[in-house]
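Q: I have a structure open and a few things to ask about it. Can we go through it piece by piece?

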Amino acid sequence: MDELAVVGLDLTTGLEVSIVDEAEVPRWRRKGHVGDRSLVCLHCLDGTDGPPRRVALVAKGRIAGRRRAHFAHPPGEGPPGGMHRPESVWHAAGKQALATWARRHPAVKSARVEAWTRDGRRRSDVRIHLHPTGRRSEHLASDAAAPRRRPGPDGLFGVDDLAGPAVVLELQSAWITDDEWRQRHQDYRRLGMVDVWLWHHRVGVPGIIAAYHQPGWLYGDDRAELTAVVGRGRPRTGRWWEERDPAVYGTHWPAGPGERATLLPIPLDKIQLSAAGLSPPEERRIAWATETRTAARAAADRTARDEAVAAHPAGLGRGSRRRLTPALPCANQAPPHVPGPVSGQVPAPRAPEQTLEAPVRVDGWAPDCDPSRRRYLCNPCSRILTIDQLDTHQHHH
């Protein structure tokens, strides 16, 4: 990392800033080390690499120059070693990249970095205010450009007083305890904000994220993409269909606690942003939903088969039944004696024809398994037959 990654803080507006165009250099020079000194280094002020201190920055660059315009520390006033820690630069540059991405989204009213919550308890890395209708409109365009702000508890960073849903993005490059994460998460939810946590690849996503049914996201040094943590379908072993949520046997998002996961890199411009937070592209979610529905249907079929087996007196399921005619005794049973009519008597009415219940599959194999594995229940005599025995056996009834 070098001086090109230095992030400035405009003390006048309380906003993190960087030089986007060489034409801006003269303006930042008037606010920097040789001007009114209202442009300072964000990391030096935060005390990232030592005691907090105000260091007015130097704006460098010229139009058509060999190096792009950037902020730099004055000679002798830089951090130890001449540069800030890589994770500090990742954090600052990531916030700027995400805020810039959010501002281009049609549903976003305002996107700010380092904004305090209304109660002054939390300062979010990126605060995104969405239009209540989910889309940008003409009469709200001015709000996006100049939201109403008041000073935060530190007197530097502002508080956005905007109506409508809010999503906060928290970038995390170091481990925090479960209790610390839980307190921050609950503080945001208490204010009606949706917090989305983006973890550096070096740290990984902690287990408490999945335990709270939150999506896991990784944000690496390539600030043009996010990586979603997607749950892999569990192997269908044992009596898998008895799982409380059989949908976990298909690919699903977000991943659950302790599940095998797949990392899916997604370009930032493909990420979906809504009042519910961030989500993968819609086509991906539709495909995963189809997988989970298929797994749920297969589990329901196996459960119904178990219930049918349990309902039979001999422990073998009769399942759904249809009637066949006629029904005759098995070959090893004597036919019932029916006396003929006596002379002068009116013949007794014939008993109604008995019916034969259709054989039922009871083998437990898949419907399309090898026919030689299939087993059928003969309802009249309760014998278990193969498919070859079934054809022969039915001729004896």
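Q: How many bridges join β1 to β2, and do they run parallel or antiparallel?
A: Three bridges join β1 to β2, and the two strands run antiparallel. Bear in mind that this is a predicted model.

Q: Which residue stands opposite aspartate 10?
A: Leucine 15, in β2, stands opposite aspartate 10.

Q: What sheet do these strands belong to, and in what order?
A: An open sheet of three strands, ordered β2-β1-β3, with antiparallel pairing. The edges are β2 and β3 (39-41), each with a single partner strand, so one side of each has no neighbour in the sheet. From one strand to the next the twist averages 40 degrees.

Q: Where is threonine 13?
A: Threonine 13 sits in the loop between β1 (8-10) and β2 (15-17).

Q: Switching to the whole chain. What does the secondary structure come to?
A: The protein chain has eight helices and 21 strands. Of its 397 residues, 41% are buried.

Q: What share of the contacts join residues at least 24 apart?
A: 61%, among contacts between residues at least 6 apart in sequence.

Q: OK, new topic: the sheet with seven strands. What's the order?
A: The order is β6-β7-β10-β11-β12-β13-β14, in an open sheet with mixed pairing.

Q: How do β10 and β11 run, parallel or antiparallel?
A: Parallel, with six bridges joining β10 to β11. Valine 168 stands opposite aspartate 195, which is in β11.

Q: Which strands does α5 lie across?
A: α5 lies across β7, β10 and β11, and runs at about 145 degrees to β11.

Q: How many residues does α5 have, and how far does it reach?
A: α5 has 13 residues and reaches 18 Å from first C-alpha to last, close to the 18 Å expected at 1.5 Å a residue.

Q: Which residues of α5 are buried?
A: Trp181, Arg184, His185, Asp187 and Tyr188. They are on the same side of α5, because they cover an arc of only 160 degrees around the axis.

Q: What do those buried residues pack against?
A: The buried residues of α5 pack against β7 (123-130), β10 (166-172), β11 (194-199) and α6 (207-211).

Q: What about aspartate 187, why does that one count as buried?
A: Its relative accessible area is 4%, and buried means under 20%, so aspartate 187 qualifies. Its place is in helix α5 (residues 178-190).

Q: Which side chain does the aspartate 187 side chain make a polar contact with?
A: That of arginine 122, at 2.8 Å. Leaving aside neighbours within four places in sequence, aspartate 187 is in contact with Arg121 and Arg122.

Q: Last one. Which glycine follows α5, and is its phi positive or negative?
A: Glycine 192 follows α5, and its phi is positive, near 80 degrees.

Definitions and conventions:
Residues are numbered from 1 along each chain as its sequence is written. This is a predicted model: local features need pLDDT of at least 70, side-chain atom pairs count only at pLDDT 80 or more; totals for chains, interfaces and linings use all residues. Side-chain values use heavy atoms; hydrogens and water are left out. Helices (H or I, at least four residues) and strands (E, at least two) are DSSP runs, numbered from the N terminus. Buried means under 20% relative accessible area, exposed over 50%, partly exposed in between (1.4 Å probe, protein chains only). A polar contact is a pair of N or O atoms within 3.5 Å; within protein, one must be able to donate a hydrogen and the other to accept it, and residues adjacent in sequence count only if both atoms are side-chain atoms. Contact means heavy atoms within 4.5 Å. The expected span of a helix is 1.5 Å times one less than its number of residues. The arc is that of the directions from the helix axis to the C-beta atoms. Two strands pair if DSSP finds at least two bridges between them. Axes are lines fitted to C-alpha atoms, for helices over the stretch in contact, and angles run from 0 to 180 degrees between N-to-C directions.
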